[in-house]
Amino acid sequence: MKRYTEKTAAAVLGKLLRRTRSEARDALKYTWIDSAGRQCCCDGICAYRLRVPVAGLPDMPRHLSRIDLDRVFPDKNGLQAVELPALDDLAALIAADRLSKGNPRQYHYAFGEGLPVVNAKYLRDMMRLYPDAQCFISGTSKPLLFLS
């Protein structure tokens with residue numbers, strides 16, 4: 001099994017921050033440290049919290065307000081665990097979707113009937129960052145919680 005590496009973390013979070021370059025909300029263009037000492041990063045769709053900060057990512061200036069991710073991240077209690085796909089299978093799905101231009105379900109990954117459908121690329125990035133992650137859900141339209 002692959003392990004967490006700071007190099008992969010920097011690559012995944014750097015990619016997330018590059019997606020925010022044209023974002024009007026300046027707070028989404030930086031990382032910050034929350035009250036628990038975790039390095040946080042959010043692009044408005046995906047949010048990550050790392051126990052050990054990764055060097056080389058832009059720190060949020062003091063004049064900007066940090067996002068309270070505790071209000072966004074659900075508590076694990078009462079959530080349903082769902083099985084994640086193998087990273088190789090997910091990569092194969094993304095590669096096949098790359099060839100199927102115009103497909104309305106391009107880059108979608110469905111966890112199963114009655115379960116959420118997510119962006120396969122974002123799921124791949126999360127699984128690269130946290131290779132040992134477990135996924136928890138509370139419904140089809142609520143945030144997914146990944147714990148590593």
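**Close-ups of helices and aromatic pairs**

**View 1. Y130, a buried tyrosine in a predicted model.** At 12% relative accessibility, Y130 counts as buried (buried is under 20% relative accessible area, exposed over 50%, partly exposed in between, with a 1.4 Å probe and protein chains only). The model is predicted, so to speak of local features takes pLDDT of at least 70 and side-chain atom pairs count only at pLDDT 80 or more, while totals for chains, interfaces and linings use all residues. Residues are numbered from 1 along each chain as its sequence is written, and side-chain values use heavy atoms, with hydrogens and water left out.

**View 2. Y130 meets Y48.** Searching the whole structure turns up 2 aromatic pairs (rings of Phe, Tyr and Trp, the last by its six-membered ring, pair if their centres lie within 6.5 Å; planes under 30 degrees apart are stacked, over 60 edge-to-face, the rest tilted). Y48 and Y130 have ring centres 6.3 Å apart and planes at 50°, so this pair is tilted. Y48 sits in strand 3 and Y130 in the loop between helix 3 and strand 7 (134–137), so the pair ties together parts 82 residues apart in sequence. Helices (H or I, at least four residues) and strands (E, at least two) are DSSP runs, numbered from the N terminus. Y48 is buried too, with a relative accessible area of 5%.

**View 3. Y109 and F111, edge-to-face.** Here the ring centres of Y109 and F111 are 5.2 Å apart and the planes stand at 90°, so the pair is edge-to-face. Both Y109 and F111 are buried.

**View 4. Helix 1 and its packing partners.** Helix 1 (residues 6–18) has 13 residues and spans 18 Å from first C-alpha to last, close to the 18 Å expected at 1.5 Å a residue (the expected span is 1.5 Å times one less than the number of residues). Its buried residues are T8, A9, V12, L13, G14, L16 and L17. They pack against strand 2 (39–42), strand 3 (47–50) and helix 3, where contact means heavy atoms within 4.5 Å.

View 5. Helix 2 (residues 87–99), with 13 residues, reaches 19 Å between its end C-alpha atoms, close to the expected 18 Å. L90, I94 and D97 are buried. Down the axis of helix 2, the buried residues fall within an arc of 65°, so they line one face; the arc is that of directions from the helix axis to the C-beta atoms. On the other side, D88, D89 and L99 are exposed. Cover for the buried residues of helix 2 includes strand 5 (108–110) and helix 3 (120–129).
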